[in-house]
Amino acid sequence: MDMLNALVAFLNFVFVPGLAYGAQLALGALGVTLIYGILRFSNFAHGDTMAFGTMVTILATWGLQSLGISGGVLPTALIALPFGILVTALFVLGTDRLVYRFYRKQKAAPTILVIVSLGVMFVMNGLVRFIIGVEEQVFADGGRFLITAGDFKAWTGLKEGLAIRTTQGITVVTAVIVVVALFWFLGKTRTGKSMRAFSDNEDLALLSGINPERVVQVTWIIAAALATIAGVLYGLDKSFKAFTYFQLLLPIFAAAIVGGLGSPLGAIAGGFVIAFSEVTVTYAWKKVVTYLVPADMAPDGLLQLMSTDYKFAVSFAILIIVLLFMPTGLFKGKSV
């Protein structure tokens with residue numbers, strides 16, 4: 001019985017949160033790796049693109065709620081999500097036309113584009129803070145739990161309860177749908193194949209008659225959609241605060257680099273590697289270990305390797321190790 005209680009505690013505090021967080025990072029890393037693989041620069045504004053898309057979705061959610069429209073047991077933000085994607089896509093397309101297009105025509109080095117994206121990042125960050133403010137915004141409504149700890153205890157008779165929040169379930173299901181749709185688009189549609197050809201060999205793709213501007217536009221639209229979905233799922237699962245999305249840039253880039261920049265499959269794998277690493281290192285293992293050892297050997301301390309305040313340090317450490325020993329990542333992406 002104690003083994004089962006330990007397993008439930010592990011699922012409740014490590015596996016389920018890590019799975020949801022990993023799905024959010026994977027979607028964010030997919031946007032980063034798509035921009036890197038096709039437009040050939042690291043977009044440091046991606047975290048604030050997530051914040052911008054989430055902000056628009058929150059404002060649309062408030063508008064729907066004021067009209068008496070809700071999602072029932074599901075969050076109203078899911079109804080507002082398409083509007084957030086549309087506005088974010090238009091915003092990044094406008095940014096590309098006003099900013100990035102000039103440097104592409106000049107055939108600027110990727111380093112220049114990275115610096116330009118830093119400028120875009122600060123502008124977007126300031127814009128989001130100006131519009132929605134710097135306070136924490138909780139916008140999740142509808143049913144809170146798919147399974148409550150109390151119900152689980154009543155069903156199983158175990159001392160430990162398993163609670164799965166609705167937002168965690170929505171995150172995993174949405175991530176699976178988005179990833180399947182993206183891989184189908186890249187592998188089966190003419191536009192997706194053009195994007196892959198452009199990524200593999202730009203000169204050969206141009207000789208084949210592929211329209212580079214169309215590829216660029218579609219890339220930005222998909223990246224905006226991925227950023228908005230990832231940002232909204234993260235905000236629903238936790239809460240929205242503009243600066244938090246700026247901080248998320250580190251684990252997202254770490255996920256993309258660990259998996260292999262330019263590799264969509266690597267971005268997904270990297271997201272879960274980073275997420276479970278952060279959760280595992282910062283979780284206090286006392287409860288799980290107490291179930292597994294005799295009572296006289298129960299630990300007095302929390303058995304926590306690192307405080308949750310330093311969870312981003314885990315991402316940074318993994319990022320440095322990968323850059324030093326495996327710069328192409330797990331799935332042999334482009335070298336950083």
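1. Helices (H or I, at least four residues) and strands (E, at least two) are taken as DSSP runs and are numbered from the N terminus. With that convention, helix H11 is followed by Gly260, a residue whose phi is positive, near 120 degrees. The model is a predicted one, in which local features need pLDDT of at least 70 and side-chain atom pairs count only at pLDDT 80 or more, whereas totals for chains, interfaces and linings use all residues. Residues are numbered from 1 along each chain as its sequence is written, and side-chain values use heavy atoms, with hydrogens and water left out.

2. H11 itself (residues 249–259) is largely enclosed by the rest of the structure, because 10 of its 11 residues are buried; here buried means under 20% relative accessible area, exposed means over 50%, and partly exposed lies in between, with a 1.4 Å probe and protein chains only. Among the buried residues of H11 are Leu249, Pro251, Ile252, Phe253 and Gly259. The cover over the buried residues of H11 includes H1, helix H2 (46–66), H4, helix H10 (242–247), H12 and helix H14 (311–325), where contact means heavy atoms within 4.5 Å.

3. Two packed helices are described by the angle between their axes and the distance between the axes. For helix H1 (residues 2–39) and helix H7 (residues 190–200), the angle is about 65 degrees and the axes are 7 Å apart; the axes are lines fitted to C-alpha atoms, for helices over the stretch in contact, and angles run from 0 to 180 degrees between N-to-C directions. On the H1 side the contact is made by Leu34, Gly37 and Ile38, and on the H7 side by Met195, Phe198 and Ser199. By class, these residues divide into four nonpolar, two polar and no charged, with Ala, Val, Leu, Ile, Met, Phe, Trp, Tyr, Cys and Pro counted as nonpolar, Asp, Glu, Lys and Arg as charged, and the others, Gly among them, as polar.

4. A nonpolar core is a set of buried Ala, Val, Leu, Ile, Met, Phe, Trp, Tyr and Cys residues joined through side-chain atoms within 4.5 Å. The largest such core has 80 residues, and those with the most contacts inside it are Leu27, Leu30, Val128, Met195, Trp220, Phe240 and Leu248. Helix H9 (residues 212–237) gives the most to this core, with 15 residues. A second, separate core of eight residues includes Val14, Tyr283, Val288 and Tyr291. Met195, which also takes part in the contact of H1 with H7, touches Leu34, Ile38, Phe185, Leu186, Val215, Val218, Thr219 and Ile222, not counting residues up to four places away in sequence.

5. The structure holds one cavity of 30 Å³ or more, with a volume of about 50 Å³ for the largest cavity. On a 1 Å grid over the protein atoms alone, a cavity is a set of points where a 1.4 Å probe fits but cannot get out, a pocket is an open set with protein on both sides within 12 Å along at least five of seven lines, and lining residues have an atom within 4 Å of a point. Grid points are joined across faces, edges and corners, and a volume is the space filled by probe spheres set on the points. The lining of the largest cavity includes Asn43, Thr49, Tyr100, Met124 and Trp220, and its residues divide into six nonpolar, three polar and no charged. The largest share of that lining, three residues, comes from H3.

6. The largest pocket has a volume of about 430 Å³, and of the 17 residues that line it, the closest to its centre are Leu39, Arg104, Lys107, Phe198 and Glu202. Its lining has 10 nonpolar, no polar and seven charged residues, and H3 supplies the largest share, four residues.

7. For the second largest pocket the volume is about 330 Å³, and the closest to its centre, of the 16 residues that line it, are Phe13, Pro17, Lys238, Val279 and Lys311. H1 gives the most to this lining, with four residues, and by class the lining has seven nonpolar, four polar and five charged residues.

8. Two single residues may also be recorded. Thr167, in helix H6 (residues 166–188), counts as buried at 11% relative accessibility.
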